[in-house]
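The structure comes first, and the description follows.

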Amino acid sequence: MSTKAFRLQYLAKAAAGVPRDLVNTFINARIHPIRPTVLIYNCTWVCDAKCEMCSNWKFGDRKSDMTLAQLEPAMDHPFWGAVENLNISGGEPTTRNDLPDMVELFQRHLPRMRKVGINTTGLTPHRAIPMLTRIVKFCAETGLLLSVRVSLDGIGDIHNQVRQVKRGFDKAVRTIEAMQALAKEYPNFQFGIAATIFAMNLQDAENILAWARTRGLDVVFNMLRFTDAMLHNKELEEKIAFREREEAFMRKFFLDRVAEESVLSGQAFMYLHYADMIANGYHRTMPCPFQSQGLLLNPNGDLHYCENSEKIGNVLDEPAETLYFRAENLKHRQHLKDRVCPTCLSPCQVNVGAMKQFVPYAKFLKRAYQVKRDPGRHVETLPVAEQVR
Ligand SMILES: C[S@@+](CC[C@H](N)C(=O)[O-])C[C@H]1O[C@@H](n2cnc3c(N)ncnc32)[C@H](O)[C@@H]1O
Ligand code: SF4
Ligand code: SF4
């Protein structure tokens with residue numbers, strides 16, 4: 001389906017939860033911790049690529065992945081009853097034969113789930129296409145929105161180099177074409193590509209955009225970041241972090257996207273904030289639902305509040321609810337809020353948080369219109385305290 005129509009469906013579903021969200025944001029979260037509404041499940045670190053900007057592939061170990069028989073009892077608890085958005089990532093989710101069964105398991109245990117997101121390399125089309133097709137059909141039957149993105153970090157050989165996979169581009173394109181055809185048939189299914197830009201593929205960012213456009217594909221550009229709980233790539237920071245050239249390029253690139261995108265799209269919101277962060281010395285102004293209502297579950301059952309939190313326990317040893325509400329863990333979450341969030345680049349489910357924080361969102365809309373009119377005046381639109389460069 002078209003991205004616009006999908007967004008409208010998502011907004012309609014989100015709107016149904018607005019009174020509850022308001023109560024949660026303004027009252028409950030300030031008095032006592034609220035249950036998670038967003039969940040990321042990295043279902044394996046096993047991977048079919050060896051990317052230059054992510055080291056998950058070095059940690060693949062099928063034997064330590066939770067089986068569905070282990071996952072099911074961990075999810076069988078009312079604690080999970082508030083989760084609305086689930087993202088399944090990894091490693092490469094389609095390396096697990098039981099991926100469709102996993103989605104069905106979550107659907108059984110997450111009664112408020114509205115939307116499932118899956119990130120995939122698309123590099124093993126003969127496995128990915130049938131699996132994802134089954135998931136699309138299941139979500140259609142059960143009234144779930146599904147969003148799938150195939151990662152594409154260059155057109156042709158650059159993608160093969162970034163991912164270190166022979167003919168990786170051709171393989172990914174097979175999955176992309178099959179998913180795009182499926183999205184035309186199923187209104188609950190949104191499909192697009194995701195690109196991570198860094199020094200190695202900077203020169204291809206515009207090509208990716210043009211390639212996606214000519215095919216009518218929705219594309220998201222990830223901001224390069226470093227996190228061990230999600231990407232195992234802190235050790236890469238020194239080698240591949242943005243230097244001045246990449247910062248200048250990406251700031252302009254993000255502002256150009258704001259100029260083109262509808263300001264109501266979640267992407268414009270994210271891109272403007274990334275441009276802000278590059279301009280203001282990496283001071284985060286984006287909200288994040290993981291500060292108060294999220295969890296990250298890793299393949300072996302390790303639980304984190306978010307991609308930058310320490311491990312707060314393991315769901316195979318103790319119920320997630322106990323770990324989530326444990327006083328010393330909540331203290332750690334407060335520490336994250338105070339010390340790590342202010343410079344964090346994570347985009348995870350940012351739009352969920354954005355729409356629930358009405359005043360900051362209204363301020364964003366105002367600035368986005370100003371920047372759209374005149375991207376050259378971006379720095380002037382920053383709140384005074386942030387005008388660093
Ligand atoms: C970690 S991957 C997992 C799913 C699947 N293996 C894939 O590559 O799509 C999820 C997304 O993170 C992106 N990613 C990888 N390394 C990154 C980095 N250093 N900074 C930001 N995003 C990154 C990938 O390009 C991909 O779109
Ligand atoms: S970005 Fe995805 S494909 Fe690449 S190593 Fe990380 S998990 Fe694997
Ligand atoms: S550290 Fe980042 S991902 Fe974690 S809660 Fe803060 S802003 Fe969100």
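Angles of 65 to 115 degrees between two axes count as roughly perpendicular. In this predicted model, helix H12 (residues 266–279) and helix H17 (residues 358–373) pack at an angle of about 80°, their axes lying 11 Å apart, and H12 and H17 are therefore roughly perpendicular to each other. On the H12 side the contact is made by Ala 268, Phe 269 and Leu 272, and on the H17 side by Phe 364, Arg 367, Ala 368 and Val 371; by class, this contact has six nonpolar residues, no polar ones and one charged residue.

Strand S1 (residues 38–42) has five of its five residues buried, so it is largely enclosed by the rest of the structure. In a regular strand the side chains alternate between the two faces of the sheet. Both faces of S1 are covered, with Val 38, Ile 40 and Asn 42 buried on one side and Leu 39 and Tyr 41 buried on the other. S1 pairs with strand S2 (residues 85–89) in the parallel sense over five bridges, and Asn 42 stands opposite Ser 89 in S2.

The shells around the two ligands divide by residue class as follows.

| Shell | Nonpolar | Polar | Charged |
|---|---|---|---|
| Ligand 1 | seven residues | 10 residues | two residues |
| Ligand 2 | five residues | four residues | one residue |

Ligand 1 is surrounded by 19 residues, of which the closest are Cys 54, Asn 119, Ser 151, Thr 196 and Asn 222; the elements giving two or more residues to this shell are strand S3 (115–120) and strand S5 (189–196). The residues around ligand 2 include Cys 47, Cys 51, Cys 54, Trp 57, Glu 92 and Thr 121.

Key
Residues numbered from 1 in each chain as written. Chains lettered and ligands numbered in written order. Predicted model: local features only at pLDDT ≥ 70, side-chain atom pairs only at ≥ 80, totals over all residues. Near = placed C-beta within 6 Å. Nonpolar A, V, L, I, M, F, W, Y, C, P; charged D, E, K, R; others polar. Helix = DSSP H or I, 4+ residues; strand = E, 2+ residues; numbered from the N terminus. Axes fitted to C-alpha atoms, helices over the stretch in contact; angles between N-to-C directions. Parallel < 35°, antiparallel > 145°, perpendicular 65-115°, else oblique. Contact = placed C-beta atoms within 7 Å. Buried ≥ 20, exposed ≤ 12 C-beta atoms within 10 Å, placed from the backbone. Pairing = 2+ DSSP bridges.
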